[in-house]
Amino acid sequence: MSQAIRIRAQVEGKTVLLRVRMAHEMESGQRKGSDGRLVPAHFIQQCRISLNGRPVLSAYLGTAIAKDPLFTLPLPMAQKGDKLSVSWTDSRGASQVAEGVVS
Amino acid sequence: MTGPSNTLLDQRRSWLQGVALALAGLGLLGPTGALHAQSASSIASTTSGGGLDRLPNSWPKAWFEAQSIAQALALMSVKQPQDAAGQLVIQSADIAENGAMVPISLQFQAPCRSVAVLVDKNPNCLAALLEIDPRIPSLSLPIKMSQSAEVYVLARTQAGGLVMARKEIKVTLGGCVVG
């Protein structure tokens, strides 16, 4: 896993468009590896996006979310300079946190 | 409501509130932390998080292991959602070439506060459970689809209604095996 979370938030017209990409293999547990055995499931189970410290999106995720998922959402209540934080925890208990600013 | 049992409940309630606040402060609580902290008094009575009123306190393993839409909805205590009738719209390509990465966009024409995304015919139907600020007008996220199937999105609107939208997406290459 490389840089775990990338945050891009830009004012676009009257709203702020937020893009969050979480680098994660999101292994479903259904796929067979080169040795013919199932690759064990390994995926993000929880994530949260906060704006100025208040959650605006909280999620529980399953194995049916694609690899390196990109979440895109407008935040009409956000303004330039606002602080964003994104965190996730995966099925093995690993976690990542990142912060960004609306530009 | 009087008597010792009520006192106990109050104690439990304030304890839960304290724990929720402490965990939320540390950023350790599950997705609904802050929202729960505000309404900790109702945690005790709705720990199951049923009916999509609020998300469960921890990752709901059984829900995510449901093997059919009906089973998932039953576990979530969802009964007879109304047709979304435009309050909630699923946008995606009608045909996805690669089931391992199918972007879908949810348009919340009516403000929504919690959302479940389910994929029929996937080995595990439930893809995501979300709690959102009702001011968020739309959200896009990428799902995996094992084969052509219907995507169901269930939402609790800010007004309190439970609505469901569906969309069929054809998949050229299944995503659970290759993804």
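**Figure 1. B:Cys112 and its opposite number in β8(B).** In this predicted model, B:Cys112 sits across from B:Thr157, a residue of β8(B). The two strands involved, β5(B) and β8 (residues 149–157) of chain B, line up antiparallel, with seven bridges between them. Strand β5 (residues 112–119) of chain B is mostly covered, with seven of its eight residues buried.

**Figure 2. The β5(B)–β6(B) hairpin.** Here's another partner of β5(B): strand β6 (residues 126–132) of chain B, running antiparallel and joined to β5(B) by five bridges. Look for B:Val115, whose bridge partner in β6(B) is B:Leu130. Six residues separate the two strands of this hairpin, and B:Lys121 in the turn takes a positive phi of about 75 degrees.

**Figure 3. Where chain B meets chain A.** The contact draws on 41 residues of chain B and 32 residues of chain A. About 2900 Å² gets buried between the two chains, with carbon and sulfur atoms giving 58% of that area. The salt bridge count between chain B and chain A is zero, but there are 13 residue pairs in polar contact, both residues being at pLDDT 80 or more. On the chain B side, the elements giving two or more residues are α2 (33–38), β6, β7 (138–143) and α5 (175–178). β6(B) gives the most to that side, with seven residues.

Figure 4. The side chains of B:Asp53 and B:Arg156 meet at 3.2 Å, N to O, in a salt bridge. B:Asp53 belongs to the loop between α2 and α3 (61–64) of chain B and B:Arg156 to strand β8, so this pair ties together parts 103 residues apart in sequence. How covered are the two ends? B:Arg156 is buried, at 12% relative accessibility, whereas B:Asp53 is partly exposed, with a relative accessible area of 38%.

Figure 5. B:Arg166 pairs up with B:Glu150 in a salt bridge whose closest N and O atoms are 3.3 Å apart. With B:Arg166 in strand β9 (residues 162–173) of chain B and B:Glu150 in strand β8, the pair ties together parts that are 16 residues apart in sequence. B:Arg166 is exposed, at a relative accessible area of 51%, while B:Glu150 counts as partly exposed at 23%. B:Glu168 and B:Lys170 make a salt bridge too, with 3.4 Å between the closest N and O atoms. B:Glu168 is partly exposed at 46% relative accessibility, and B:Lys170 is partly exposed at 43%. Over all chains, the salt bridge count comes to eight.

**Figure 6. β5(A) and its partner β2(A).** Over in chain A, four of the five residues of strand β5 (residues 70–74) are buried, so the strand is largely enclosed by the rest of the structure. β2(A) and β5(A) run antiparallel, with five bridges joining them.

**Figure 7. The loop around A:Gly29.** A:Gly29 lies in the loop between β2 (15–22) and β3 (44–51) of chain A. Setting aside neighbours within four places in sequence, A:Gly29 touches A:Leu38, A:Val39, A:Pro40 and A:Ala41. A:Gln96 comes 67 residues away along the chain, with 22 Å between its C-alpha atom and that of A:Gly29.

Technical notes. Residues numbered from 1 in each chain as written. Chains lettered and ligands numbered in written order. Predicted model: local features only at pLDDT ≥ 70, side-chain atom pairs only at ≥ 80, totals over all residues. Heavy atoms only, no water. Contact = heavy atoms within 4.5 Å. Buried < 20%, exposed > 50% of the residue type's maximum accessible area, 1.4 Å probe, protein only. Pairing = 2+ DSSP bridges. Buried area = accessible area lost by both parts, 1.4 Å probe. Salt bridge = Lys/Arg side-chain N within 4 Å of Asp/Glu carboxyl O. Polar contact = N/O pair within 3.5 Å; in protein donor to acceptor, adjacent residues only side chain to side chain.
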